[in-house]
Amino acid sequence: MHRHPIRSTWFRSWWACHLLCLLLCHLGAQAATALDALTPGAVLDRVEHWIDPSGVADLSAAQTAHAAGRFVPAPASLRTGTHAQPHWLRMEVAQRRPHGDWVLALHTTAIDDVRFFGPFDAQGRALAEPVLTGLVRPYDSRPLGIERPAMRLQLDQPGPYVVYMRLVSHSSQSLTVSAWDTVAYVQSRQHKRLFDGVVYGILVALLVYNLVLAWVFRHESYGLYVLTCAAALFTLSSYNGHAAHYLLGDWPWWQERANMLGSALWVGFATLLCRSFLALPRRLPRFDRVLLAVAGAAGVAALLALAGQTTWSQHLVEITAVVGTPLAFGVALWVWRQGFAAAGWYLGGQALLFLSALAVVGINWGLLDAPFLLANGLQIGVVAEMLMFAYALSARVRLMHQHQTELRARATHLAEAAATDALTGLANRLGLAQRADQLLAAGQPHAVMLLDLDRFKPVNDTHGHEAGDRLLVEVARRLNTHMREADLVARLGGDEFVILLAGRHTLAQLTAMAERLGQAVRQPFQDQGHSLSLAVSIGIARCPEHGHKLVDLLRLADAAMYRAKQAQTGFSFYEPAAAATS
């Protein structure tokens, strides 16, 4: 059969073009990252990067820059820097299955201006409208309502695709991009929100609990702990994107500033807490002044963040953290070694936060493989730190309570010593007055006996003052043996004693008491082989019959005692008629 030459040539040309297109598509698919082959959350390693020096390049200019070879392979640890220059990312991805719903997600929530372009198919056609989002726009501009900037790719056929991202940030942020199936990504974010909710709940509980303690104790450390905990909570919620999602969604102005503002306040309040908790103004005044300067610098960083100077605020926050953290750790270690046990818990809190940050750094450097710690290490460290700080505060309160108890006991001891006769252990004039005031305040009747020892001076002169002192101690002991718990024996000085008898007593009861006391004193004293004898004269006055004030009762009892001494009757009651006659 004879073939038509024109048709045969056309058929071979068509077949060659078809094979060439298939080959090009195959090669393009090989150069692109196959989304179907990735595990959920895998980091894209085939990313091209270009920094726009003019700051005004649009998508067309970016595509021209790629054609001119200005895009370069992005390093694994690509960051935005702090110069607010637009960073363009170009990614070639491929889909093998007929239909797919994918998400390309950034690992940070703090990109100011985010613009997604594409996806573009093999013919360069855009399959979706550009998406403009980021901190400079309201939260509802974010695809899927997710905290992190994420580009959704809904692909209806297999083949290679190209996407572009334009990213601008005034602070240094990671530009790592990971690929997800959309359903898996939404589920992972829900799990993350659940974990973050637990963290927030713990921090809120600590904040409220210590706010109550701050109100009760009115101590500076508790107030600063509450402010530190609130700043840490705000910082975490800002970095996780929840502050923008639930609090600041309609205020992009605050969204842009929240990260640096929260970080600056956290560093500042944590530094002030260190000063107050460790009592550095008293213990280490020089280091205290340095930490005070660190807190002041953090305050300046907060003002810079409010003024929109995010770059300078970040630099200053990093400097204060680098200077303040090791300094706080060092002074806490010194205070702990000086015997302040609560500083050990403070050190534990600092160490746990440091270890969690170190673990995150190790994961980022590839030294550890722990995705959970990478996503949640900072939250875990913050919660651990605040729990340890809370325990440190409670330990400090226990120590303060112990010191206060010791001070009260010492004050009580000093008060008792001030009201006690040093020689005999009886009450002195002050102790007598205090007990009389108690009886008068309670409206109780009572009686006062004033005792004066007879023949004490010859004993003192003959046998010496030490023998006289021993004699006075023995007299005090004998008098006390006849007293009830409510009664009081006091020594006014020299050889004068006073007995305060609580309650109402009849003349017969007082007479019997005076006779017993006189007999007890007249019993011979044995002192270093010598038998010593004394006598006693007792004057008695009663309240309310004879007066209400101790000074009046003592004066009247003294008059009665001198009458008994003169009459040598041993004791005598105060009698107004006798006093008027004398």
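Two strands are taken to pair if DSSP finds at least two bridges between them, and the strands themselves (E, at least two residues), like the helices (H or I, at least four residues), are DSSP runs numbered from the N terminus. What I am showing is a predicted model, in which local features need pLDDT of at least 70 and side-chain atom pairs count only at pLDDT 80 or more, while totals for chains, interfaces and linings use all residues. Residues are numbered from 1 along each chain as its sequence is written, and side-chain values use heavy atoms, with hydrogens and water left out.

Let me start with the hairpin of E13 and E14, which has two residues between its strands and in which Gly494 takes a positive phi near 60°. E13 and E14 run antiparallel and are joined by five bridges, and within that pairing Val489 has Ile499 of E14 as its bridge partner.

On to the other pairing of E14: strand E12, residues 446-454, runs antiparallel to E14, residues 496-502, and seven bridges join them. Here His446 stands opposite Ala502 in E14, and Val448 stands opposite Leu500 in E14.

Now the sheet as a whole, which is open, has mixed pairing, and consists of five strands in the order E13-E14-E12-E17-E18. Strand E13 (488-493) and strand E18 (571-573) each have a single partner strand, so these two stand at the edges with one side left without a neighbour in the sheet. From one strand to the next the twist averages 20°, where axes are lines fitted to C-alpha atoms, for helices over the stretch in contact, and angles run from 0 to 180 degrees between N-to-C directions. Helix H14, residues 465-480, packs on the sheet and touches E12, E13 and E14, its direction making about 15° with that of E14; contact here means heavy atoms within 4.5 Å.

How enclosed is E14 by the rest of the structure? It is largely enclosed, because six of its seven residues are buried, with buried meaning under 20% relative accessible area, exposed over 50%, and partly exposed in between, for a 1.4 Å probe and protein chains only.

Finally, the cysteines: a disulfide is a pair of cysteine sulfur atoms within 2.5 Å, and by this rule the count comes to zero. Cys229 is in no disulfide, the nearest cysteine sulfur being that of Cys274, 17 Å away. Cys229 is buried, with a relative accessible area of 0%, and Cys543 is buried at 4%.
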